[in-house]
Amino acid sequence: MDVKILDDSHKEMKAGSVMGPLTRLHGWLGDQRRFLTAAQWHELREAVSAHPLASLLRQDPLIGRAFRKPRGYAGDAEMMDMIYGMGTVPSPGEGVLAELHSFAVGIAAFRSVRYRREAFRTRLDESAARTPGLTVASVGAGHLREVEDSRALRDGELGGYAAFDQDPESLAEIDRAYGRYGVRTFSRRVREVITDGVLPERVDLIHAGGLYDYLTDRTAVPLTRSLVASLRPAGTLMIANIVPTCRDIAYLEAVMDWPLVHRDEKDMRALLEEVPDGRVADLALHRDPDDVMTFMTVTVR
């Protein structure tokens, strides 16, 4: 397999050029993933991972954490904080490393992650303005950064906010940052939510941000059923997912060892197949401005 572009990119970056070689590498990886067989793509990912270029790229805090997976998976809450530019973000360094970090956090997939945070925060505040005493749940909450700038939460307008996650470190950060505003944390695995069939209490609004990016339909469909069952009448479920046409998928997989489950609008609608007939009153779908993430908003009767 010809990987000359890896050699060239490594040489250029060592000489101090960053954006040009990274842009070419990003495009080349996308082309390879599109045209190679699954086996060939796996072989190329292994070649990238073993190349000296990968060692250089992993000096970036974001890329390095994705590869190391200190909490067992890429995309943990600490990584989300890096993408948001929040929390305790490690210094990316100077020169080449600073440019590398700028490229890493600036790709379309991560712009969509920041858009998702703002979209969820907007939905929260708008819903609270319409529904006095709004009750909310976030499933796969991470560090719950969508509430960081929430007027409704900080002004005490909510009737309750429950954050569910399986990571004790994430739950501890939520308690530290948002417990003072009445946010309650619950340790729950997705499988437990499915088995229970419903959250501990019914709520008006449920957010599930990056969670579905990691779930196959075998898990995502029954989880959606349980979340819909957890809504009060006229309640809303809002979920998001990276789409199959996202141009950053190859870069995420080959450079950051971060494979995801991708869904388009048809796939999102299919997540409702176990929801009882007549339960859904309205369904809306939209994409982020970069066209790499789809959002489904379900309102129930």
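Reader: Why is Asp81 called buried?

Author: This is a predicted model, and the value computed from it for Asp81 is a relative accessibility of 2%. Buried means under 20%. Asp81 therefore counts as buried. The residue lies in helix 6, which spans residues 77–84.

Reader: What makes the pair of Asp81 and His143 a polar contact?

Author: The side chains of Asp81 and His143 are joined at 2.9 Å. The limit for a pair of N or O atoms is 3.5 Å, and the contact of Asp81 with His143 is listed as polar.

Reader: How do you know that helix 6 is mostly covered?

Author: Seven of the eight residues of helix 6 are buried. They are Ala77, Met79, Met80, Asp81, Met82, Ile83 and Tyr84. These buried residues pack against helix 5, helix 7, helix 8, helix 10 and helix 13. At the start of helix 6, a side-chain oxygen of Asp76 reaches to within 3.1 Å of the backbone nitrogen of Glu78. Just after the helix, Gly85 takes a positive phi of about 75°.

Reader: What makes helix 5 mostly covered?

Author: In helix 5, residues 61–68, six of the eight residues are buried: Pro61, Leu62, Ile63, Gly64, Arg65 and Ala66. Their packing partners are helix 4, helix 6, helix 7, helix 8 and helix 13. At the start of helix 5, a side-chain oxygen of Asp60 comes to within 3.1 Å of the backbone nitrogen of Leu62. Lys69 follows helix 5 and has a positive phi, near 50°.

Reader: Which residues touch the most other members of the largest nonpolar core?

Author: They are Leu29, Leu62, Phe110, Met256 and Trp258, out of 52 residues in this core. Helix 13, residues 249–256, supplies the largest share, seven residues. Apart from this core lies another, of 30 residues, among them Ala137, Leu211, Tyr212 and Leu227. As a general matter, nonpolar side chains in soluble globular proteins tend to be buried together.

Reader: Which residues does Phe110 touch, leaving aside those up to four places away in sequence?

Author: With that exclusion, Phe110 touches Leu62, Ile83, Ala104, Val105, Leu252, Met256 and Trp258.

Reader: Why does Ser230 count as buried?

Author: Its relative accessibility is 0%, and the cut-off is under 20%; Ser230 therefore counts as buried. The residue sits in the loop between helix 12 and strand 5. Beyond four places in sequence, Ser230 touches Val198, Leu199, Glu201, Arg202, Val203 and Ile206. Of these, Arg202 is 28 residues from Ser230 in sequence, yet their C-alpha atoms are 4.7 Å apart in space.

Reader: How do you know that the side chain of Ser230 makes a polar contact with Leu199?

Author: The side chain of Ser230 reaches the backbone nitrogen of Leu199 at 2.8 Å, and the limit is 3.5 Å.

Reader: What makes the pairing of strand 4 with strand 5 count, and in which sense do they run?

Author: Strand 4 and strand 5 share five bridges, in the parallel sense; at least two are required for a pair. Leu205 stands opposite Thr236 in strand 5. With helix 12, residues 217–229, between them, the two strands make a right-handed β-α-β unit. On strand 4, Ile206 stands opposite Ala137, and strand 1 and strand 4 pair in the parallel sense over three bridges.

Reader: How many residues of strand 5 are buried?

Author: Nine of its 12 residues are buried, and strand 5 is accordingly described as mostly covered.

Methods: Residues are numbered from 1 along each chain as its sequence is written. This is a predicted model: local features need pLDDT of at least 70, side-chain atom pairs count only at pLDDT 80 or more; totals for chains, interfaces and linings use all residues. Side-chain values use heavy atoms; hydrogens and water are left out. Helices (H or I, at least four residues) and strands (E, at least two) are DSSP runs, numbered from the N terminus. Buried means under 20% relative accessible area, exposed over 50%, partly exposed in between (1.4 Å probe, protein chains only). A polar contact is a pair of N or O atoms within 3.5 Å; within protein, one must be able to donate a hydrogen and the other to accept it, and residues adjacent in sequence count only if both atoms are side-chain atoms. A nonpolar core is a set of buried Ala, Val, Leu, Ile, Met, Phe, Trp, Tyr and Cys residues joined through side-chain atoms within 4.5 Å. Contact means heavy atoms within 4.5 Å. A crossover is right-handed if, with the strands pointing away from the viewer, the path from the first strand over the helix to the second runs clockwise.
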